[in-house]
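Take a walk through the model below.

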Amino acid sequence: MSFFELLAESMPLLLQGLVLTLELAAVSLVFAMVIGVLSALMGLSKNPVLHGISAGFVAVIRCSPLLVQTFFIYFGLTEALDIRMDAFTAGAIALSLNAGGYLSEIFRGGIQAVDDGQTEAARSLGLSSAQTTWHIILPQAIRICLPSMVNQWCITIKDTSIICVIGLAELTCMGQMIIARTYRSFEVWIMVFVLYFAVIYAITIASRYLERKVSLDVKSGD
Amino acid sequence: MSKVEIRGLKKRFGNNEVLKGIDCNIEAGQVVCVIGPSGSGKSTFLRCINCLEQPTEGTIYVDGNLMDANASNIDELREDVGMVFQHFNLFPHLSVIDNVTIAPLLRKKMEKDEAEKVARELLESVGMLEKADAMPNSLSGGQKQRVAIARALAMRPSLMLFDEPTSALDPEMVGEVLDVMRRLAEGGMTMVVVTHEMGFARQVSDRVLFIDGGVIAEEGTPDQVFGNPQNERTQNFLKMVLQA
């Protein structure tokens, strides 16, 4: 089989895997963003219970491997709770929590980097604490941590490959299956590599553009 | 009833007692300038009035309402007390006009058209209408501060607090901000101004408070405080700043 025959045969399956990879990443990142913002706000709260929950959550996520988290949810939790869960759901939960933990720290740093004067100005106008957070602090915090946030998105997209271990037929898993049938490891891994690279590189380019677009720095200002 | 009634105000930060017992009334329509050495507690005094700093002891009433940072009505009470900061604190992610409309939109549930109409009138009154769509970071310090004044006025406050509004400005921009404040005072606004601009304090204020060491060391009309200060610390302070 020539390279091009291999390519023609593999690509539909790899693209199918890529779609699943992107679906898993998208679902996970949406939840991870929500978890990350909530956990960051809880972590900055003066309430010791909320603060403790956030700190504990971040510690658990950061101090254990994603692979173990995935196994724990897919095998451990389902056994303990006596429920059934498909690999996509388990993978999405593991990735959401994992990325949520890291994003929590990224957002916390971003929120803390916003000048206290912003909160004071907003509160002095009568804005409530929630209105201040939502309309004044978060829009600036997101801008500050945009590069780190996109970095975490890229990591999480790549981390979907770990969900392969519980049998989800995402891109990496598809590559393995094709190799098992064709024994063409070198070429197939290059194809897998190129597909990951194309998607993630496109995202980094888009992020650079977005960064410039939303930047608040004006050269002529102070 | 006075516009602002302050009784036994004390404020501690840790072991550092910044305000050591301040009693003072401010009448509606009065312009009160607060002067004193740095670190004397002037800014803390001002920030207690709208509860950006919660008093450790004592009470502050504005229009008969107790100001308490932990009370559920504090947001409503703050709507009526505008504040202008040394470092402007404009919202850098919002255009000039959005800076002015955000509080009326969120708090007064004003229609967008009406809020913008009001904002344009205010921006015109501070000479910033042509910059309505500019972003704050493209403005000079004096322009930023004029926008900040318009933003505070958009809530139609009956009391305005100014915390060293010209201290962060280049000298040539001080005048444009003081002009806006002077016109505001002439319009009858009740104002409390922490300032190092002795000329402004002397010309515009009805009353001058000299705060030193966390207490009001001397107060009176500008002519009394500047022309014939009784307290030795006031005399020394004025000698120092007027020499400079």
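This is a predicted model. Begin in helix α9 of chain A, residues 185–214. A:Phe193 and A:Phe197 sit four residues apart there, so about one helical turn separates them. Their ring centres lie 6.0 Å apart and their planes make an angle of 25°. Planes under 30 degrees apart count as stacked, so this pair is stacked. A:Phe193 counts as exposed, at 53% relative accessibility. A:Phe197 counts as partly exposed, at 47%.

Over all chains, the rule counts six aromatic pairs. Another of them joins A:Tyr74 and A:Phe75. Here the centres are 4.8 Å apart and the planes stand at 70°, so the pair is edge-to-face. A:Phe75 is partly exposed, with a relative accessible area of 45%. A:Phe71, A:Tyr74 and A:Phe75 make up one aromatic cluster.

Now turn to the interface. Chain A brings 23 residues to the contact and chain B brings 24. About 2,100 Å² is buried between chain A and chain B, and carbon and sulfur atoms give 57% of that area. A:Glu120, A:Ser124 and A:Leu125 supply 28% of what chain A buries against chain B, more than any other three residues.

What polar links cross between the chains? The rule finds 10 residue pairs in polar contact, both residues at pLDDT 80 or more. It also finds two salt bridges. One of the salt bridges links the side chains of A:Arg123 and B:Asp75, at 3.1 Å from N to O.

On the side of chain A that touches chain B, α5 (116–124) and α6 (129–144) each supply at least two residues. The largest share, seven residues, comes from α5(A). By class, this side has eight nonpolar, nine polar and six charged residues.

Notes:
Residues numbered from 1 in each chain as written. Chains lettered and ligands numbered in written order. Heavy atoms only, no water. Contact = heavy atoms within 4.5 Å. Buried area = accessible area lost by both parts, 1.4 Å probe. Salt bridge = Lys/Arg side-chain N within 4 Å of Asp/Glu carboxyl O. Polar contact = N/O pair within 3.5 Å; in protein donor to acceptor, adjacent residues only side chain to side chain. Nonpolar A, V, L, I, M, F, W, Y, C, P; charged D, E, K, R; others polar. Phe/Tyr/Trp six-rings, centres within 6.5 Å; stacked < 30°, edge-to-face > 60°. Buried < 20%, exposed > 50% of the residue type's maximum accessible area, 1.4 Å probe, protein only.
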